[in-house]
Amino acid sequence: TGKLQFEALSVETLPTRLGDNEALRAKIGKDTSAWKVREVGDGNLNLVFIVEGASGAAVVKQALPYVRLVGDSWPLPLKRSFFEYHALTRQEARAPGSVPAIYHFDEGQALIIMEYLSPHIILRRALIEGRQLPNIARDIGLFMARTLFRGSDLHMAAKDRKADLALFADNVELCDITENLVFSDPYFDARMNRHTSPQLDGIVAELRADRDLKVEAQRLKHIFAANAETLLHGDLHSGSIMVTDSQTRMIDPEFAFYGPMAFDVGMLLANFWMSFFSQRGHEQIGKRDAMRAYLLEVTVETWSVFRAEFSHLWRTERTGMLYQKSLFENQDDRLGAEQALDHVLHQMWTDLLGFAGIEIHRRILGLAHNADFETIADEDLRASCEAKALKFGRHLAVNRRQIHSIDEVNHLAALIE
Ligand code: ADP
Ligand code: MG
Ligand code: MG
Ligand code: MG
């Protein structure tokens, strides 16, 4: 079927179109008349179907030749499915068990058949409901350290990394979305921007007139564009993570490309801080003081687990062309290796604070908002949560070189809240 013209699947056509797919038949049962199909895509870009048969279930994710959220006025290449598939295979190799199992990939139809995660729910939803997941900090911290370290020149053979870099360099259009939507649009009157209005009009005008902020946002964009350090997930927010109390799975890496390690970490932490500032809007069903404390603890633990695992990999798997052991450990200079590690982690820390600040802004001022704030029906209440988050984001982006610890960041968050 790979040679057929692309055609979007529908709930009605899926059993016929995929009825002869061996991987799917093996997983869910051969009797296609028993297949039940639902479309559950709640993302901004793609179709996602759950297909249940007599002996199991699977997810079929298909790209569309345009942005789902906007419609066919905004074309977007089908090849994002190719990048998502290849990113998933690398993430599974580098951080086993962290992503859904892949059953089949069809490049021509831009579709991936994968494990149906159940009873997992989207992390963002769980946090809005006020659920405290016990393992997310550890699981996500490990995922980030393993994928980011093992996809870089710290670990890979230079030749392999360059080949991979070339492969993902073609993910131009999705990268372009990040470059514009994240780093630039929030700071001028871009066409697709929106914000809670009129409540936030004043602060929006202030941020767009804030020279220090705009320069810092562009410096961060420069770091993002010019540092092909490792294979990023590229869209690692709480809507790209599915959880149960005991399991954590990362999904949706279609934005994958080679960029700075700090980008994934910063985006992820920003989503915990946004959840923190949104809790005030979800208190109708009870106080969220414990939830707020939990969220700040999650940021502390995520960064701590990340650093511990990254440091462990630095000491045990530093096999690439950077900071070679021949210069340090092999000359009995273990201190040199630790010194270099501290430099790398410190730079990452400074940059991730900036990326976090900018990510918060674009989720409140840009095109793609998040449900943490959007589901707060009372607009004044929503705007007051958003205003605090904007203030926090600005502080992080502009003062990132003067902030020393995650406790300090969380102290600021509590102060602003
Ligand atoms: P998009 O790229 O359009 O954002 P996602 O990959 O994020 O698409 O998927 C959209 C939604 O589909 C997710 O929020 C989740 O609810 C559901 N989903 C995606 N993949 C799976 C999966 N493997 N198992 C269960 N549900 C999934
Ligand atoms: Mg998604
Ligand atoms: Mg998305
Ligand atoms: Mg996506």
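1. Buried residues account for 44% of the 417 residues in the chain, where a residue is called buried if 20 or more other C-beta atoms, placed from the backbone, lie within 10 Å of its own, exposed if 12 or fewer do, and partly exposed in between. This is a predicted model, in which local features need pLDDT of at least 70 and side-chain atom pairs count only at pLDDT 80 or more, while totals for chains, interfaces and linings use all residues. Residues are numbered from 1 along each chain as its sequence is written, and chains are lettered from A and ligands numbered from 1 in the order in which they are written.

2. The chain holds 15 helices and 12 strands, these being DSSP runs numbered from the N terminus (helices H or I, at least four residues; strands E, at least two). The chain is as compact as a globular protein of 417 residues, because its radius of gyration of 22 Å is close to the 22 Å that the globule rule gives; the radius is taken over C-alpha atoms, and the rule is 2.2 Å times the number of residues to the power 0.38.

3. Of the contacts between residues at least 6 apart in sequence, 75% join residues at least 24 apart, a contact meaning that the two C-beta atoms, placed from the backbone, lie within 7 Å.

4. The chain is divided into domain 1 (14–115) and domain 2 (121–416), with bounds that come from an automatic or database domain assignment. The centres of the two domains, taken over C-alpha atoms, are separated by 27 Å, and 17 residues of domain 1 are in contact with 20 residues of domain 2. On the side of domain 1 that touches domain 2, the residues divide into 8 nonpolar, 5 polar and 4 charged (Ala, Val, Leu, Ile, Met, Phe, Trp, Tyr, Cys and Pro count as nonpolar, Asp, Glu, Lys and Arg as charged, and the others, Gly among them, as polar).

5. Ligand 1 is surrounded by 20 residues, the closest being Gly43, Asn46, Val48, Leu117 and Asp252; a residue is near the ligand if its C-beta atom, placed from the backbone, lies within 6 Å of it. This shell has 10 nonpolar, 5 polar and 5 charged residues, and draws at least three residues from each of domain 1 and domain 2. Strand E3 (56–62) and strand E7 (111–115) each supply at least two of the shell residues.

6. An open sheet of 3 strands has the order E8-E10-E11 with antiparallel pairing, two strands being paired if DSSP finds at least two bridges between them. Within it, 3 bridges join strand E10 (residues 241–243) to E11, and Met242 stands opposite Arg249 in E11.
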